Amino acid sequence: MKQVSFPAKLAYGVGIAPVSIKNMLFHFFFLYFFTNVLGVSELLVIAAVMIALIVDAFTDPIMGQISDNARSKKWGRRHQFMLMGVMPTMLGLIALFSPPSGLGQAGLFIWMLTFLIVVRMGLTVYAVPHSALGTDLSTDYDERTAIVGIRELFNNIFTVSVFIFGFIVFFPPSLEFEDPMLNIAGYAPFATTMAIIGGIAALLSILATRHKVSDIRRYENDARTSWRSAFTQLREAAKIKPFRWLATAYCSILTLYATGSALSLYIGGYLWQFTNPQKAAIAVSPILMIIPVVIAANLLSKWMDKKRAVILFALIYILFSILPYALYFAGLMPPIFDPNLFNIIIVMHVLGFAGLLGVGIIANSMLADISDLMDARTGKRQEGVLNSAFSFVQKLTFIIGTVIGALSLVIIKFPKGAQPSETPQSAIDGLAVAAIATSLLFAALGIYAFMRYTLTRDTVSAIQAQLPDIG
């Protein structure tokens with residue numbers, strides 16, 4: 001039975017904006033900005049993101065537990081925290097990409113670390129409850145996929161907006177820079193604009209979904225637990241095999257994506273030597289696949305169930321993550337500046353994106369099913385704790401991707417701030433080697449973990465039949 005109206009699904013989906021914008025700024029622009037534009041040591045970048053990860057390891061599960069135990073008649077379990085998290089996230093993003101001049105290596109490290117933590121803590125307060133709200137909204141096996149699908153639709157709309165503003169508005173072609181992304185003057189206004197867009201979208205989502213608070217009452221009879229028990233609840237979740245395998249698989253696929261993203265400005269500017277309008281076209285092109293993939297994810301998960309559907313999408317993503325670089329080393333790609341090179345890369349990017357989007361939709365729908373299994377085992381609705389774990393997994397992939405990307409730059413001795421024509425070919429080829437090696441490693445782990453996942457439509461129906469508030 002459908003439990004959420006289409007306008008409510010749209011209102012919920014819009015709320016992904018701060019997460020989408022932060023992810024794109026972090027995954028695609030963060031490493032390039034601090035290492036290649038500001039000249040910060042890769043090892044200092046690694047240290048900053050590792051320290052921020054330690055903060056996340058504590059704050060994500062605690063936020064999930066606090067949200068699960070909230071009982072506000074006005075705000076429910078999620079909305080008040082979403083409201084609290086918007087402003088710190090947006091202000092932190094603006095500050096992160098606007099360091100004052102003359103700080104030096106130590107000063108830039110402190111600035112980077114401070115606002116990495118501010119952004120991450122603000123986004124924890126907002127994003128963990130927002131993700132859990134998506135799980136709260138429906139108990140229907142297929143509607144859960146539809147809710148996540150619409151959220152991913154908006155996720156990619158805001159993703160595309162980041163690239164349009166970045167590559168076209170704030171970093172247009174310049175006679176001064178072979179690669180316009182080396183222009184430091186564009187980063188502060190770029191980040192400020194995107195932060196404002198994210199904040200407005202988040203506030204609209206909070207206001208437009210508040211009416212659902214009175215409908216979500218499955219948790220009312222749950223015993224309250226202290227925030228200190230968050231890690232106990234996570235240990236309980238870790239005992240559930242489907243959750244372990246799903247988290248491992250999702251982390252592996254997202255790590256492949258995060259590493260590619262961290263090096264993407266290097267690869268686009270130095271390996272393929274695309275112009276910024278071409279980069280923008282490649283970044284925007286996947287928008288054509290969003291609605292077809294959302295529909296396909298729903299249909300395939302009904303036809304072949306979620307496990308087989310998510311493996312199919314993962315294989316598509318993996319194939320097109322490796323193929324461009326394999327063809328490059330085989331000498332089968334057109335030469336630099338040949339229009340056919342751009343055409344081939346854009347087609348492969350669109351197809352690979354389709355696979356990644358399908359994985360994201362179905363994996364998050366699977367997490368909603370696991371929340372029913374955990375309810376049956378513990379007698380408590382813990383969507384917040386489970387989504388905090390997924391939130392941490394996504395942040396972990398950014399850390400791993402940034403670390404792998406930074407270490408790759410160190411290993412291949414990539415020169416800082418060099419124009420493409422000044423960069424040794426060995427360093428440029430090293431970018432492609434890093435992309436292939438990462439893809440093969442995390443692809444194998446991701447597919448293996450998805451294959452070990454065991455929940456099906458029938459097992460979820462049997463679990464829900466045992467739950468008095470669903471069955």
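**Close-up 1. Val160 in helix α6 of the predicted model.** Helix α6 covers residues 141-170, and Val160 is found in this helix. Val160 has a relative accessibility of 7%. That value is under 20%, so Val160 counts as buried. Beyond its neighbours within four places in sequence, Val160 is in contact with Ala283, Val284 and Ile287. Pro334 lies 174 residues from Val160 in sequence. In space, Val160 and Pro334 are 27 Å apart, C-alpha to C-alpha.

**Close-up 2. Asp142 and its contacts.** Asp142 has its place in helix α6. At 17% relative accessibility, Asp142 is buried, because the cut-off is under 20%. Leaving out neighbours within four places in sequence, the contacts of Asp142 are Asn298, Lys302 and Arg457. Ser365 is 223 residues away from Asp142 along the chain. The C-alpha atoms of Asp142 and Ser365 are separated by 8.4 Å.

Close-up 3. Ile411 is found in helix α15, which covers residues 383-411. The relative accessible area of Ile411 is 68%.

Note on methods:
Residues numbered from 1 in each chain as written. Predicted model: local features only at pLDDT ≥ 70, side-chain atom pairs only at ≥ 80, totals over all residues. Heavy atoms only, no water. Helix = DSSP H or I, 4+ residues; strand = E, 2+ residues; numbered from the N terminus. Buried < 20%, exposed > 50% of the residue type's maximum accessible area, 1.4 Å probe, protein only. Contact = heavy atoms within 4.5 Å.
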